[in-house]
Amino acid sequence: ILKTLSGQHLSFEIAYKNRYFSVNTTPLFDGEKNPSGALLVYSDITQQKAEEQNIKNALKKEKELNELKSRFISMASHEFRTPLSAILTSAVLISKQNEQGNELKREKYIAQIEKNVQNLVVILNDFLSLSKLEEGKIKPSSEQIDLIHFSKMLLSDMEFGLKQNQKINFITALDELAIQLDAKLLRRVFMNLLSNASKYSPEDTTIDFKIATTDKTVCVEITDYGMGIPEEEQKRLFQRFFRAKNATNIEGTGLGLNIVKQYVELMHGHIGFKSELHKGSTFYIKFPLN
């Protein structure tokens with residue numbers, strides 16, 4: 001008002017009680033052309049600001065999607081090229097080992113093909129899961145499972161995927177534990193965390209898999225004693241496509257933990273971790289016991 005009375009014309013926006021207004025002011029002059037008053041015109045632009053924000057959000061999301069597509073193409077071209085090259089090489093070598101006495105070599109190459117096909121399946125499953133999560137197509141079911149029996153069966157399946165002389169140490173004081181969860185999603189969560197524990201740990205090491213309960217929650221902890229996660233990168237660990245700088249030489253899409261987090265939250269759980277470089281990591285999941 002004082003600026004307007006001094007002869008200035010002003011135009012600006014203000015927010016008041018969760019509404020937005022554009023303000024235009026003009027001085028009013030007397031017969032001697034001296035400012036004698038100020039006219040202030042307020043226009044409610046709340047709806048306009050909301051539409052502007054919607055447009056900004058849409059542009060931001062489109063930018064994120066474009067960046068995601070670029071990162072996906074770059075990552076996919078690399079992650080698919082390596083196993084496909086290995087499969088092709090193994091197939092060529094098999095074709096050259098038709099003579100008797102080369103059975104062991106053929107079995108070795110066939111095993112390499114199987115391993116690389118499994119890696120491709122993991123990558124494709126990650127992409128498919130991410131797509132379904134983005135579209136809201138994954139709805140968790142609720143079924144009663146015995147978590148102890150479920151975990152023992154899963155660990156039995158995991159033995160063949162571990163590195164040489166690695167083992168999983170199952171720790172629990174419980175004989176059985178009934179809980180309502182989605183068995184398929186839970187299996188993907190456990191398999192991913194245990195596979196990571198094996199992948200980022202050296203041979204001849206132990207992975208601890210612990211289940212305990214409180215009055216209201218069940219807590220699952222998976223601990224490895226491997227490379228650990230750099231402290232400055234830990235806050236980004238659950239982001240899509242993120243790979244810690246000390247893990248760039250290890251195969252992976254950078255999608256697994258992001259998917260795991262979403263699966264856990266869909267089942268009303270919470271996931272967190274603690275890690276120290278060169279000493280290992282512990283991932284813990286908590287589910288309600290109701």
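**View 1. Lys96, exposed in a loop of the predicted model.** Lys96 is exposed, at 57% relative accessibility. Here exposed means over 50% relative accessible area, buried means under 20%, and partly exposed lies in between (1.4 Å probe, protein chains only). Lys96 sits in the loop between helix 2 (46-95) and helix 3 (103-134). Helices (H or I, at least four residues) and strands (E, at least two) are DSSP runs, numbered from the N terminus. Arg106 is ten residues from Lys96 in sequence, and their C-alpha atoms are 9.3 Å apart. The model is predicted: local features need pLDDT of at least 70, side-chain atom pairs count only at pLDDT 80 or more, and totals for chains, interfaces and linings use all residues. Residues are numbered from 1 along each chain as its sequence is written, and side-chain values use heavy atoms, with hydrogens and water left out.

**View 2. Glu176 in the loop between strand 5 and strand 6.** Strand 5 spans 167-172 and strand 6 spans 178-181. Glu176 counts as exposed, at 58% relative accessibility. Glu176 touches Asp146 and Ile148, residues up to four places away in sequence not counted. Contact means heavy atoms within 4.5 Å. Glu176 and Asp146 are 30 residues apart along the chain, yet their C-alpha atoms are separated by 6.0 Å.

**View 3. Thr4, buried in helix 1.** This helix covers residues 2-5. The relative accessible area of Thr4 is 0%, so Thr4 is buried. Neighbours within four places in sequence aside, Thr4 contacts Leu10, Thr25, Thr26, Pro27 and Ala38.

**View 4. A nonpolar surface patch of Ile1, Leu2 and Leu5.** Together these residues have about 340 Å² of accessible area, from the Shrake-Rupley method with a 1.4 Å probe; for residues, only the protein chains shown count as cover. Patch residues have over 30% relative accessible area and no salt bridge; nonpolar side chains (Val, Leu, Ile, Met, Phe, Trp, Tyr) are joined within 5 Å, like charges within 9 Å. A salt bridge is a side-chain nitrogen of Lys or Arg within 4 Å of a carboxyl oxygen of Asp or Glu. Ile1 lies in the segment before helix 1. Ile1 is exposed, with a relative accessible area of 64%.

**View 5. Leu147 and Phe190 in the largest nonpolar core.** Of its 49 residues, these two touch the most other members. Helix 5 (residues 183-199) supplies the largest share of this core, eight residues. Such a core is a set of buried Ala, Val, Leu, Ile, Met, Phe, Trp, Tyr and Cys residues joined through side-chain atoms within 4.5 Å. Beyond four places in sequence, the contacts of Phe190 include Leu147, Phe150, Leu154 and Ile285.
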